[in-house]
Amino acid sequence: MTRAIVGVAVSALMVAGVVFCLAVTVPTGTLFFLGFGGVGAYLAVRRPSNSIGWLLIVSGWGLAIGSVPVDAPPEALLTGELDTATQLALWASAWGWGLAFIGFLGLTLVFPIGRLP
């Protein structure tokens with residue numbers, strides 16, 4: 001891929017992430033996304049073939065999605081009487097942390113050179 005195409009794709013990912021964070025997550029989710037996603041975006045644009053930048057973007061998205069606040073009373077959780085929006089927020093929060101974990105695991109496997117040893 002050319003650098004211009006990668007730049008546009010990464011810019012779209014970052015803009016969508018910032019809009020998502022400002023609209024849905026708590027302020028710490030925005031900081032997590034900007035910290036990890038911003039560094040990952042810079043690396044992905046500079047070296048698109050290196051997987052470290054892309055994994056940082058995945059980790060930033062996972063931390064942002066995992067930071068979605070959920071206001072559900074414990075009784076409703078136990079009985080399963082939640083509305084659809086709360087169920088979706090719970091699902092997204094749970095899967096967001098899993099996505100961040102996968103990104104961090106990938107980083108630990110490929111860190112120094114961007115590919116498996």
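The axes of helix 1 and helix 2 come within 10 Å and cross at roughly 180 degrees. This is a predicted model, in which local features need pLDDT of at least 70 and side-chain atom pairs count only at pLDDT 80 or more, while totals for chains, interfaces and linings use all residues. Residues are numbered from 1 along each chain as its sequence is written, and side-chain values use heavy atoms, with hydrogens and water left out.

**Exercise 1.** State which elements make up the protein chain, and in what order they run.

*Solution.* Begin with the count, for which helices (H or I, at least four residues) and strands (E, at least two) are DSSP runs, numbered from the N terminus. The chain has 5 helices and 0 strands. Reading from the N terminus on, the order is α-α-α-α-α. The C-alpha atoms fill a box of roughly 50 × 30 × 20 Å, taken along the principal axes.

**Exercise 2.** Work out how helix 1 is oriented towards helix 2 and towards helix 3.

*Solution.* Two packed helices are described by the angle between their axes and the distance between the axes. Axes here are lines fitted to C-alpha atoms, for helices over the stretch in contact, and angles run from 0 to 180 degrees between N-to-C directions. Angles under 35 degrees count as roughly parallel, over 145 as roughly antiparallel, 65 to 115 as roughly perpendicular and the rest as oblique.

Take helix 2 to start with: its axis crosses that of helix 1 at roughly 180 degrees, and the two are therefore roughly antiparallel. Turn next to helix 3 (residues 51-66), whose axis comes within 10 Å of that of helix 1 (residues 3-23) and crosses at roughly 15 degrees; these two helices are therefore roughly parallel.

**Exercise 3.** Describe which residues of helix 1 and helix 3 meet, and of what class they are.

*Solution.* Contact means heavy atoms within 4.5 Å. On the side of helix 1 the residues are Val6, Val10, Leu13, Ala16, Gly17, Phe20 and Cys21, and they meet Trp54, Ile57, Trp61, Ala64 and Ile65 in helix 3. By class, this contact has 11 nonpolar residues, 1 polar and no charged, where Ala, Val, Leu, Ile, Met, Phe, Trp, Tyr, Cys and Pro count as nonpolar, Asp, Glu, Lys and Arg as charged, and the others, Gly among them, as polar.

**Exercise 4.** Classify the aromatic pair of Phe20 and Trp61, and then that of Phe36 and Phe104.

*Solution.* Rings of Phe, Tyr and Trp (its six-membered ring) pair if their centres lie within 6.5 Å; planes under 30 degrees apart count as stacked, over 60 as edge-to-face and the rest as tilted. The whole structure holds 4 aromatic pairs. For Phe20 and Trp61 the centres are 6.0 Å apart and the planes are at 35 degrees, and the pair is tilted. Phe20 lies in helix 1 and Trp61 in helix 3, so the pair ties together parts that are 41 residues apart in sequence. For Phe36 and Phe104 the values are 5.4 Å and 65 degrees, and the pair is edge-to-face; Phe36 belongs to helix 2 (residues 27-46) and Phe104 to helix 5 (residues 84-110), 68 residues apart.

**Exercise 5.** Decide whether Ser59 is buried or exposed, and name its contacts.

*Solution.* Buried means under 20% relative accessible area, exposed over 50%, and partly exposed in between (1.4 Å probe, protein chains only). Ser59, in helix 3, has 0% relative accessibility and therefore counts as buried. Leaving aside neighbours within four places in sequence, Ser59 is in contact with Ala100, Gly103, Phe104 and Leu107.
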